[in-house]
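User: Hi! Could you walk me through this one? I'd like the fold before the details.
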Amino acid sequence: MKSLHDMPEGQSPASSSLDRLFELAETLGSMMERGMAERGISRARAGLLWALLHGGPMTQRALAARLGVTPRNVTGLLDALEADGLVVREAHPTDRRALLVSLTDQGRSLTAALRAGRDELAVELFKGMPDEQVAAFTAGLEMVIERLRAAAPPGC
């Protein structure tokens with residue numbers, strides 16, 4: 001396991017920490033891709049399902065805004081997810097021009113499995129780490145994430 005003591009000569013602790021964050025992002029991204037592939041879904045489809053899980057039923061336009069994509073992109077994703085029986089589009093109860101998108105029972109089962117996998121990984125990753133250390137780690141990540149969001153161009 002690498003530590004700050006293993007950093008190259010002249011590299012600052014901040015640069016070394018950023019290197020570790022890049023490695024973490026790559027490792028977690030690969031794990032997520034494998035997990036989704038095992039369940040037969042792409043990252044984009046999983047993101048849409050996750051948005052519905054957390055946001056509840058919503059219009060296609062609201063989904064597009066939440067995901068930061070075009071309504072046309074959402075339509076393609078929904079066509080595939082609907083064909084797989086994971087979502088359903090129904091008439092909006094108050095806006096006859098809009099459709100309301102919801103998870104089906106099968107979609108809720110899939111998102112529950114994704115969440116269970118995430119929870120199992122969290123337990124394994126932080127097993128044996130004192131709660132105070134986990135809290136400090138989380139606080140540090142929150143600060144870094146907020147700084148990244150503030151520095152990101154609009155639309156990212």
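User: How many helices and strands does the protein chain have?

Analyst: In this predicted model, the protein chain has six helices and three strands. Following the sequence, they come in the pattern α-α-β-α-α-β-β-α-α.

User: And what is the radius of gyration of the protein chain?

Analyst: The radius of gyration is 20 Å, while the globule rule gives 15 Å for 156 residues. The value is well over that, so the protein chain is more spread out than a compact globule. Along the principal axes, its C-alpha atoms fill a box of roughly 65 × 35 × 25 Å.

User: How much of the protein chain counts as buried?

Analyst: Buried residues make up 21% of the 156. The protein chain exposes about 11000 Å², with 58% of that area supplied by carbon and sulfur atoms.

User: What share of the contacts comes from residues 24 or more positions apart?

Analyst: They account for 40% of the contacts with a separation of 6 or more.

User: Okay, on to the inside. Which residues touch the most other members of the largest nonpolar core?

Analyst: That core has 20 residues, and the ones touching the most other members are I41, L48, L49, L52, L63, L78 and V87. Two or more residues each come from α2 (43-55), α3 (60-67), α4 (71-83), β3 (99-103) and α5 (105-126).

User: Which element gives the most to this core?

Analyst: That would be α2, which gives five residues.

User: Let's zoom in on L48. What is it in contact with, leaving aside neighbours within four places in sequence?

Analyst: L48 is in contact with L63, L67, V74, L77, L78 and L81. L63 and L78 are also among the residues that touch the most other core members, as is L48 itself.

User: Switching to the surface: is A83 buried or exposed?

Analyst: A83, found in helix α4, has a relative accessibility of 65%; the cut-off for exposed is over 50%, so A83 counts as exposed.

User: How far is A83 from W50?

Analyst: Their C-alpha atoms are separated by 18 Å, and the two residues are 33 apart along the chain.

User: What about E33, where does that sit?

Analyst: E33 is in helix α1, which covers residues 13-38. E33 has a relative accessible area of 36%, which makes it partly exposed, as that value falls between the 20% limit for buried and the 50% limit for exposed.

User: One more on charges: how far apart are the mean positions of the positive and negative ones?

Analyst: They are 8 Å apart, counting 18 positive and 20 negative charges in the protein chain.

Methods: Residues numbered from 1 in each chain as written. Predicted model: local features only at pLDDT ≥ 70, side-chain atom pairs only at ≥ 80, totals over all residues. Heavy atoms only, no water. Helix = DSSP H or I, 4+ residues; strand = E, 2+ residues; numbered from the N terminus. Rg over C-alpha atoms; globule rule 2.2 N^0.38 Å. Buried < 20%, exposed > 50% of the residue type's maximum accessible area, 1.4 Å probe, protein only. Contact = heavy atoms within 4.5 Å. Areas by Shrake-Rupley, 256 points an atom, 1.4 Å probe, with all protein chains shown as cover. Lys, Arg positive; Asp, Glu negative; His and termini not counted. Charge placed at Lys NZ, Arg CZ, Asp CG, Glu CD. Core = buried A, V, L, I, M, F, W, Y, C linked by side-chain atoms within 4.5 Å.
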